[in-house]
Amino acid sequence: VDPESIDLIMCPFVFEHVSRPWVAIRTLASTLRPGGFVIWSAPMFQQYHGSPHDYYRFTPKGVQALAAHAGLEVVRIYAPGDLSLMSGVMTGMMLPYWTREQVL
C-alpha cells in the first residue's frame, strides 16, 4: 500500500492479536492520507481467544498512548462498561471452572 493513500482505515478487533502493536499502528498511520481516519476497536474484557495468538488488552489510556506513538490524534474514545459489566463478564468467563455451590 502506498504511503498517504488511504482516507479511511477500519481495524476492528485485530490489535489484540498483533505482537508489536506500536509497529502496526505506525504502519496504519503511514498509509493514511492527511485528514484521514482510523476506526479502531479492541477488547478490554474478553477471555483469551488465540486464533492463533492473543497478546494484549487496551485501556482508553493505552489506546491514546498507542495513537500518540504513531502521531495520530484521538478524536473520540468509546469505552462502554463499568464495574457491574466487568463483574458480569468476568463471572461468565469463570463460570465453567466453578461448582454450582461456588456460583450460588
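The model is predicted, so local features need pLDDT of at least 70 and side-chain atom pairs count only at pLDDT 80 or more, while totals for chains, interfaces and linings use all residues. Residues are numbered from 1 along each chain as its sequence is written, and side-chain values use heavy atoms, leaving out hydrogens and water.

Let's start inside. A nonpolar core is a set of buried Ala, Val, Leu, Ile, Met, Phe, Trp, Tyr and Cys residues joined through side-chain atoms within 4.5 Å; buried means under 20% relative accessible area, exposed over 50%, and partly exposed in between, with a 1.4 Å probe and protein chains only. The largest such core has twelve residues, among them Ile9, Phe15, Ile25, Trp40 and Phe58. Which element gives the largest share? That is α1, with three residues. Helices (H or I, at least four residues) and strands (E, at least two) are DSSP runs, numbered from the N terminus.

Now the rings. Rings of Phe, Tyr and Trp (its six-membered ring) pair if their centres lie within 6.5 Å; planes under 30 degrees apart are stacked, over 60 edge-to-face, and the rest tilted. The count comes to four aromatic pairs. Trp40 and Phe58 are edge-to-face, 5.2 Å centre to centre with 80° between the planes. This pair links strand β2 to the loop between β2 and α2, 18 residues apart. Both Trp40 and Phe58 are buried.

Tyr55 and Tyr56 form a tilted pair, at 6.4 Å and 45°. Tyr55 is partly exposed at 41%, and Tyr56 is partly exposed at 28%.
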